[in-house]
Every structure is written in structure tokens, then in C-alpha cells.
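This briefing is for a reader meeting the structure for the first time. It goes through the parts by topic.

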Amino acid sequence: MFQYKSLIASFLFLVLAACASNVPDPDPVEATYSDDAAATTDGYSDGGFGSGEDVPYDPMGGELATIIYFEFDSSELRPEDSDIVARHAVQLSGNSSLRVRLEGHADERGSREYNIGLGERRSQTVRRMLLIQGTSSAQISTVSFGEERPVSFGNDEEAYAQNRRVEITYTN
Amino acid sequence: MRNYLSRALLLCLLSVGVAEAQLVIEITEGVKRRPIAVVPFGWAGTSPNMPLDVAQLISNDLTRSGRFAPIDERDMLQKPTAGVDMDFSDWSILGVEAVVIGSVTQTGQNAYDVQFQLFDVFGRDQLVGYRMRASRGTIRRVAHRAADMIYEKLTGIKGVFDTKVAYVTAEQRGDGRLFSLIVSDQDGENDHKIMESNDPIMSPAWSPDSRRLAYVSFEGSHSSIFIQTLRTGNRIKVSSKPGINGAPAFSPDGRKLVLTLGGIDGNLDIYVMDINSRETRRLTTHRAIDTEGSWSPDGRYIYFTSDRSGGPQIYRIAVSGGKAERISFEGSYNARPRLSPDGSKLAMVHLNRGNYRIAVMDLKRKDLLVLSAGRQDESPSFAPNSDTLIYATRQSRNGVLESVTADGLIRQRLASGKGDVREPVWSPFQRF
């Protein structure tokens with residue numbers, strides 16, 4: 001009897017969970033990516049898409065995240081990412097021979113060339129932050145891949161959130 | 001004799017047109033298919049079989065249009081190959097309204113005469129008849145052209161069976177993906193790989209003479225615009241400025257490209273480039289994303305996507321310069337404008353209840369008709385007769401192509417097993 005009830009309960013829970021994941025979330029809850037980004041940096045950059053230079057260059061040692069994530073339809077830096085960008089700025093302004101490429105991305109929704117624009121907007125946000133904090137313009141190049149280089153191929157919010165990003169790649 | 005009526009009914013219910021290797025699945029049965037007959041062509045030549053089953057190709061083309069239902073050969077009471085052998089009463093009995101007959105005759109080692117006649121059963125007269133020269137290399141196109149003439153005679157609409165499509169495919173290769181730019185006949189046959197790359201390829205665009213394709217390539221991890229000549233495979237890099245280079249489209253006279261440039265500051269704007277001199281002239285300066293430029297058929301206006309009012313909407317600006325004028329007002333997201341070649345309609349990607357769909361605006365009436373039914377539909381492209389569009393949609397994780405008539409009545413999935421397909425673009429009418 002008791003086992004039967006818990007079976008129903010877990011079934012209901014699964015059904016509710018499934019239903020919940022199908023409901024579109026108009027105001028995405030801010031995901032706490034900061035810790036995860038640092039931990040999985042190598043995982044993402046070893047995905048093999050494009051940036052041949054897989055290992056993030058960090059002369060100061062320690063793990064420095066190289067992926068910045070963005071909210072839906074937004075190109076604004078989240079507060080926790082400002083610190084990450086600031087640390088890159090310190091590296092770059094401290095060594096003028098360093099070169100960095102900012103690769104902007106968007107999720108797959110909507111039109112492709114417009115998504116190139118969204119990805120570029122995100123790159124430019126990071127670029128402006130770097131410039132303000134002492135990086136010289138000659139050290140930075142930007143590119144946007146729009147929706148063409150996703151890291152996650154799903155069609156759900158989780159996949160979309162992983163694809164809305166800027167990857168910071170040191171090119172020398 | 002088999003029961004013709006039950007067979008016709010079965011055809012309507014299944015709504016599957018088999019065209020050799022290209023299976024087409026009809027999604028909407030919005031138009032009653034007209035019963036016709038395409039009689040197997042006669043053959044006179046040195047080999048046992050004609051180089052191409054011309055009647056089958058014509059029949060497949062007409063079936064795929066969604067407007068015709070060719071009857072089965074086994075139901076035909078007679079199979080004339082010359083006009084003198086036509087017996088109209090036999091065809092009246094079968095309920096077909098038109099009959100195509102013809103023959104292929106070998107005239108040389110690699111030379112053939114392809115002849116066809118189209119008859120109106122009720123009026124008991126010939127509507128059109130033609131004889132065309134062909135080689136083994138050109139006989140497919142000749143057969144498609146015959147289908148075009150038959151189609152136009154019966155519908156009043158110019159046929160597009162002798163046209164091509166270009167599209168991009170993406171295949172998983174190890175850790176990354178291989179991108180290919182492909183050109184094929186509009187029925188999916190004869191596909192040729194134009195270009196391939198480990199980096200993304202985007203936004204293919206036909207030149208008005210069909211001889212060249214412009215496209216965006218991300219080789220070297222930055223975007224550049226190339227123009228490639230199809231016959232030779234030679235290509236020239238026409239734009240590789242710092243920042244974004246994107247969304248190329250040829251002007252109607254083939255001499256200019258509209259393109260998107262972002263520059264170092266990443267402010268995407270519309271530019272017009274003279275292809276010969278490579279000089280570019282800036283058209284928009286707004287700090288919004290301005291991209292996806294597309295020409296009006298008279299060459300006077302550029303339609304483009306801009307999010308200057310918050311979300312993406314369609315605007316147009318005179319090529320000679322001036323103020324951008326907003327064109328789309330319905331809904332929160334309208335992008336990727338494409339004018340129909342006759343200038344009467346504007347296709348776009350339109351957000352409709354959370355789904356990105358293809359919609360068409362009649363430019364006179366200003367009303368919007370949603371044509372597709374997917375969640376991530378994109379890249380609409382008009383056929384050169386302005387009657388049908390091709391676009392990309394998603395099936396699970398793969399991109400697939402669909403076509404739809406501009407009135408939305410006939411929509412078809414083009415199932416071709418070519419993997420993840422995107423960005424289809426229909427060629428102009430082909431020269432011979």
C-alpha cells in the first residue's frame with residue numbers, strides 16, 4: 001500500500017516535471033553559471049568548434065573562465081561576468097603582445113543573419129568592457145557566428161542558454 | 001479495367017508524389033488535383049531504351065506541382081505517340097481533361113529529337129506542340145522545359161521545372177561539422193557540391209544570370225563574402241573587411257551587391273557595392289542591427305531587417321539614399337525580407353504565437369498571410385514565377401526543405417535524405 005502511494009507520487013512528480021519543462025518561460029530566471037563556467041571551461045573549449053587554441057592562456061595561473069553567457073534577447077553582461085572580463089582586461093593591458101578574439105554566438109531562434117548581429121552585439125559588449133579597462137583596440141578582434149556554431153544542439157531553453165555566449169580566445 | 005474512381009480516391013488520400021529519387025510528401029490538400037494523362041513516349045533509336053523516360057519526368061513534375069494527378073499507365077485505353085492516333089472518346093471515358101503524348105527519336109550518335117503534344121480532351125484539340133533538340137547531357141532540361149510549357153498552358157502560370165536550387169548542408173564530422181554548398185535541379189536531382197568547409201557557410205545568393213553564387217564563408221574564423229562562378233568553380237573574395245561581412249544579394253542588373261558590414265565597432269549596416277570596382281556606399285547608419293538586405297525587382301529599393309524600433313522589423317530604403325521607411329507592423333518579429341520577382345509580394349520570417357513562420361505580405365493590400373506551420377521556419381525564397389516559395393524548417397534536429405504556394409494552399413515537404421539542410425535559394429529562370 002505504502003509502495004503504491006510513493007509510486008503514484010513519483011509518477012506525478014515526473015509528469016509535473018515534464019509539464020513544467022514544456023511551459024515557455026517568458027522571463028528566464030538568471031542561471032548561476034559562474035561557478036560552472038570556470039569548472040567546465042576546458043570541456044566547452046574542447047568541443048572542437050573553431051577555436052583551435054583550446055587551452056585558455058592564463059599567465060597568472062589559476063582557472064579563468066573564457067565563456068560569457070547571456071540572457072535571451074540580451075547583450076548585457078551579467079554582474080558575475082564583469083569580474084571575469086575584468087581579469088582578462090588585466091592580462092591584456094599588462095601585456096600588449098597578447099591578442100584576443102571574441103567570438104559571439106546566439107541561440108537558433110529566428111533569422112540567421114540577424115542572429116549574426118545578436119552574436120556581434122555580445123562580442124562588442126565584452127570588447128567595450130575590455131577597452132574601458134585598458135585593453136588596446138589593436139589587441140582585440142571580434143567575430144560573430146550567430147547560430148552557426150552551437151555547443152548544444154537541443155531545441156529547449158537549456159540548449160539555448162548554453163549557446164548564447166561569447167568565447168574569449170587568445171590567438172597568440 | 002481497374003476502377004479508375006477508387007484509384008483516384010486513393011491517390012488523393014495518400015497524397016504522395018514519387019519522383020524518381022526525390023520523394024515529396026504533400027502536407028495540405030488545399031487544391032483539387034486535375035486528372036490528366038501523360039502517355040509513355042515513343043522511341044526510335046539504336047539502343048533498346050530512350051536516354052531518359054521523358055513522360056515519367058513530365059508526369060513527376062506535374063504531380064509535384066500539387067495541381068495535377070496523372071493517371072496510371074495501366075488505366076490508359078490507348079497509348080498514342082502521334083497526334084493522328086489520338087482518340088478523344090477513349091480519354092473522355094477516363095475523365096481526364098488533358099493528354100500529353102510524344103516521342104524521342106535518335107538523329108545522331110548523341111543527338112535526339114524530343115517531340116510532344118498537349119491535347120484538350122473536352123475541346124478535342126491541340127493546345128501546344130513542340131519539337132526540341134537534345135543530347136544525353138541536355139535531355140533532362142529539355143524534358144523539364146516541356147513540362148514547363150504544358151504547365152503554363154494548363155494553368156496560366158509560368159512553370160519552374162527547369163530551374164535550380166542552392167542550399168547549405170551541415171554534417172557531423174568527428175568533433176566538428178562539415179559544411180557544404182550544393183546546387184541541384186529543383187526536383188533534387190543532379191546535385192553538385194560547389195564548396196565545402198569546416199567553417200560555416202551562409203547566405204547563398206544567385207546572380208540574375210544564374211552563373212554565379214555569392215555566399216558568406218567563415219574560413220579562417222572570420223566572415224568573408226565570395227562570388228563563385230558555377231561553371232568553372234573559380235571564386236573571388238569581394239569583401240573581407242574587419243568585423244562582420246554578411247548577407248550578400250545581387251542587384252537585378254547583376255552589377256551590384258547589397259551586403260552587411262559591421263566594422264570594428266560591430267554596428268551592422270547596409271551597404272551597396274559595385275562588384276567591378278569593389279567600391280561600397282553606406283546606406284544605413286543607425287546603431288541598430290541593420291542587415292538582410294534584399295532588392296526590389298526594379299532595383300530602386302533595398303528591403304532589410306532592422307531592430308531600430310526594439311525588435312526586428314522590415315524596412316526599406318531607396319538605393320539612392322534617404323530615410324528608411326518601416327514596412328512591417330504586425331507582430332513583434334519580422335525579418336529576412338524577400339521580394340517576389342514580380343514585385344507584388346514580400347516574404348519574411350514572422351513570429352506567430354511563439355513560432356517562427358514564413359509569412360507573405362501583399363504589398364498593395366498590406367495584409368499578411370502566414371504560410372508555414374513549423375516552429376523554426378526560415379530562409380524563404382521565391383521561385384522565379386512568384387507563385388511558390390521554398391524554405392527551411394526543422395524535423396527533430398535536422399533542417400529540411402518545404403515548398404508552399406504563395407496563397408498557402410499547397411504545402412509540401414521535400415524529403416531528400418540530405419542531412420541537415422538550410423538556406424535554400426531558388427534560381428532565376430535558366431538560360432539554355
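His105(A) has Gly146(A) of strand S3 in chain A as its bridge partner. The two strands involved, S2 (residues 100-105) and S3 of chain A, pair in the parallel sense over 6 bridges. The model described here is predicted.

- In chain A, 4 strands form an open sheet in the order S1-S4-S2-S3, with mixed pairing.
- Strand S1 (67-69) and strand S3 (140-146) of chain A each have a single partner strand and stand at the edges, so one side of each is left without a neighbour in the sheet.
- From one strand to the next, the twist averages 20°.
- Helix H4 (residues 112-132) of chain A lies across S1, S2, S3 and strand S4 (165-170) of chain A. The helix runs at about 150° to S3(A).

**Chain B as a whole**

- Chain B has 4 helices and 32 strands in its secondary structure.
- Its C-alpha atoms fill a box of roughly 75 × 50 × 45 Å, taken along the principal axes.
- The radius of gyration of chain B is 23 Å, which agrees with the value near 22 Å that a compact globule of 432 residues would have.
- Of the 432 residues in chain B, 47% are buried.
- Among contacts in chain B between residues at least 6 apart in sequence, 43% join residues at least 24 apart.
- The domain assignment divides chain B into domain 1 (4-155) and domain 2 (164-426). The C-alpha centres of domain 1 and domain 2 of chain B are 35 Å apart.

**Covered elements of chain B**

- Helix H2 (residues 54-64) of chain B is mostly covered, with 10 of its 11 residues buried.
- The buried residues of H2(B) include Val54(B), Leu57(B), Ile58(B) and Leu62(B). Asp61(B) and Arg64(B) are also among them.
- Gly66(B), which follows H2(B), has a positive phi near 85°.
- Strand S30 (residues 398-405) of chain B has 7 of its 8 residues buried, so it is largely enclosed by the rest of the structure.
- Strand S29 (residues 388-395) of chain B runs antiparallel to S30(B), and 8 bridges join the two. One bridge partner in S30(B) is Val400(B), which pairs with Thr393(B).
- S29(B) and S30(B) form a hairpin with 2 residues between them. In the turn, Ser396(B) has a positive phi of about 50°.

**Two loop residues of chain B with positive phi**

- Arg124(B) is in the loop between strand S7 (111-120) and strand S8 (125-134) of chain B. Its phi is near 55°, a positive value in a residue other than glycine.
- Arg124(B) counts as exposed because it has 12 C-beta neighbours inside 10 Å.
- Ser210(B) lies in the loop between S12 and strand S13 (212-217) of chain B. Although Ser210(B) is not a glycine, its phi is positive, at about 65°.
- Ser210(B) has 18 C-beta neighbours inside 10 Å, so it counts as partly exposed.

**Where the chains meet**

- In all, 32 residues of chain B are in contact with 25 residues of chain A.
- On the side of chain B that touches chain A, at least two residues each come from strand S12 (201-206), strand S16 (245-250), strand S20 (290-295) and strand S24 (334-339) of chain B.
- The residues on that side of chain B divide into 12 nonpolar, 14 polar and 6 charged.
- Gln376(B) is placed in the loop between strand S27 (368-370) and strand S28 (378-382) of chain B. With 17 C-beta neighbours inside 10 Å, Gln376(B) counts as partly exposed.
- Not counting residues up to four places away in sequence, Gln376(B) touches Glu108(A) and Arg109(A) in chain A, and Tyr356(B), Thr393(B) and Arg394(B) in chain B.
- Gln376(B) and Glu292(B) are 84 residues apart along the chain, and their C-alpha atoms are separated by 18 Å.

Technical notes
Residues are numbered from 1 along each chain as its sequence is written. Chains are lettered from A and ligands numbered from 1 in the order in which they are written. This is a predicted model: local features need pLDDT of at least 70, side-chain atom pairs count only at pLDDT 80 or more; totals for chains, interfaces and linings use all residues. Two residues are in contact if their C-beta atoms, placed from the backbone, lie within 7 Å. Ala, Val, Leu, Ile, Met, Phe, Trp, Tyr, Cys and Pro count as nonpolar, Asp, Glu, Lys and Arg as charged, and the others, Gly among them, as polar. The radius of gyration is taken over C-alpha atoms; the globule rule is 2.2 Å times the number of residues to the power 0.38. A residue is buried if 20 or more other C-beta atoms lie within 10 Å of its own, exposed if 12 or fewer, and partly exposed in between; C-beta atoms are placed from the backbone. Two strands pair if DSSP finds at least two bridges between them. Axes are lines fitted to C-alpha atoms, for helices over the stretch in contact, and angles run from 0 to 180 degrees between N-to-C directions. Domain bounds come from an automatic or database domain assignment.
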